[in-house]
Amino acid sequence: MTVKKKASSLFNMVFALFAITLIAGISLGYVNELTLEPKARARLERKVNALKNVLPAFTNSPVDEAVRLSWEGAPDSLEFYPAMQDSTLVGVAVTGGSEKGYNGTVRLLVGFNPDGSIRNIAVLEQKETPGLGTKMKGEAFLKQFREKDPATFDLRVRKDGGQVDALAGATISTRAFAEAVQQAYEVYRSQMEGRPNQTRKP
Amino acid sequence: MKQTPGPKENFLKGIIKENPVFVMLLGMCPTLGVTSSAYNGLGMGVATLFVLLMSNVVVSLIKTQIPAKVRIPAFIVVIASFVTIVEMVLEAFIPFLYEQLGIFIPLIVVNCLILGRAEAFASKNNLPASVIDALGMGIGFTLALTVLGATREVLGNGSLFGFRFVPEDANTFILFILPPGAFIALSYLAIAFNRLTRKVA
């Protein structure tokens with residue numbers, strides 16, 4: 001059962017490839033246009049959900065008031081999200097990252113109370129070993145950071161002389177996690193120095 | 001030339017006799033890479049099924065217009081376009097699955113199952129036969145990936161489709177979630193599959 005095909009003359013080959021790539025290009029452009037808005041919405045929703053998870057109830061829009069800053073040793077810009085309730089600062093969320101994960105980057109969103117203690121932490125991005133390093137998303141691991149003030153809570157793994165309990169069998173992932181929290185804390189401190197009183201005029 | 005098989009055999013061969021994963025061992029990269037859970041295996045299988053179906057349809061429709069010497073690049077452009085569409089749609093509407101599958105979505109392009117069916121089947125057969133072939137092969141691939149993902153998830157994480165049936169801190173065979181476990185699970189499943197199908201036949 002052979003299908004009659006066009007002869008492989010130069011013109012036929014060039015024409016066939018040109019036609020196919022042209023149609024493919026146009027349809028991809030069209031689909032890209034269609035999905036542009038839903039894609040942006042999905043990304044924003046993910047960000048807002050993570051913010052709601054680490055911050056107390058807020059009435060402003062932290063995403064719109066975010067401050068982006070470059071930080072020494074951080075490849076991407078770090079983000080600083082203030083959460084206000086009627087012009088009172090009720091919390092701040094800061095992204096922090098570390099390149100020292102078992103499989104590359106670990107990125108976190110750390111929520112701070114106005115007094116500097118950690119409220120909650122959300123994992124934004126990680127490629128750790130499933131079943132070992134991925135337990136950093138688990139409640140059992142995260143709860144040791146809640147309500148701790150990094151000024152007095154040594155953000156290093158116990159093995160390195162700090163106060164963080166490592167995940168069983170995943171010290172490297174824990175180290176990266178702790179480093180990312182530390183970075184977020186330093187960013188938080190550097191930003192809060194600029195605004196000594198904790199209220200801000202709208 | 002042997003007689004052409006009917007639509008039913010054509011459909012079933014992709015699931016049993018020529019199952020892409022357990023018999024032909026095609027598309028090993030996504031098979032081993034993403035099947036750390038049943039949900040991931042199912043998602044990858046359905047994404048591949050869609051691309052395979054669309055590429056078989058298009059290749060079957062344009063087969064007489066493609067000069068033989070440029071057929072491979074032509075097929076690859078068709079496949080790559082549909083993969084990119086799948087990637088954009090997943091990112092927009094199922095972001096959770098998009099994050100889980102990550103790098104493996106673009107890699108559907110080089111899944112030899114898809115190019116293999118375009119070259120070996122769709123470029124030689126009419127549209128209905130190509131659709132049935134794609135459905136059979138795609139469903140066979142999806143079933144295999146889901147079973148493999150379920151096996152690894154149950155053994156390695158103590159859960160199935162995300163429902164845990166062991167406590168959070170129980171000791172499970174983490175090996176099965178790690179890459180070596182993919183090879184081990186796949187080989188034993190392939191043995192069991194071939195034993196069973198041979199017995200039936």
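Trainee: Why does the radius of gyration of chain B agree with that of a compact globule?

Mentor: This is a predicted model, in which local features need pLDDT of at least 70, side-chain atom pairs count only at pLDDT 80 or more, and totals for chains, interfaces and linings use all residues. The radius is taken over C-alpha atoms, and the globule rule is 2.2 Å times the number of residues to the power 0.38. Because a compact globule of 201 residues would have a radius near 17 Å, the value for chain B agrees: 18 Å.

Trainee: What percentage of the residues in chain B is buried?

Mentor: Buried means under 20% relative accessible area, with a 1.4 Å probe and protein chains only. Of the 201 residues in chain B, the buried ones make up 46%.

Trainee: What share of the contacts in chain B with a separation of 6 or more is between residues 24 or more positions apart?

Mentor: A contact means heavy atoms within 4.5 Å. Among contacts in chain B with a separation of 6 or more, residues 24 or more positions apart account for 74%.

Trainee: How many helices and strands are there in chain B?

Mentor: Helices (H or I, at least four residues) and strands (E, at least two) are DSSP runs, numbered from the N terminus. From that end, the elements of chain B run α-α-α-α-α-α-α-β-β-α. The count is 8 helices and 2 strands.

Trainee: In chain A, which residue of β5(A) stands opposite Leu108(A)?

Mentor: Residues are numbered from 1 along each chain as its sequence is written. Strands β4 (residues 104–112) and β5 (residues 118–125) of chain A run antiparallel, joined by 6 bridges; two strands pair if DSSP finds at least two bridges between them. Opposite Leu108(A) stands Val123(A).

How values were computed
Chains are lettered from A and ligands numbered from 1 in the order in which they are written. Side-chain values use heavy atoms; hydrogens and water are left out. Buried means under 20% relative accessible area, exposed over 50%, partly exposed in between (1.4 Å probe, protein chains only).
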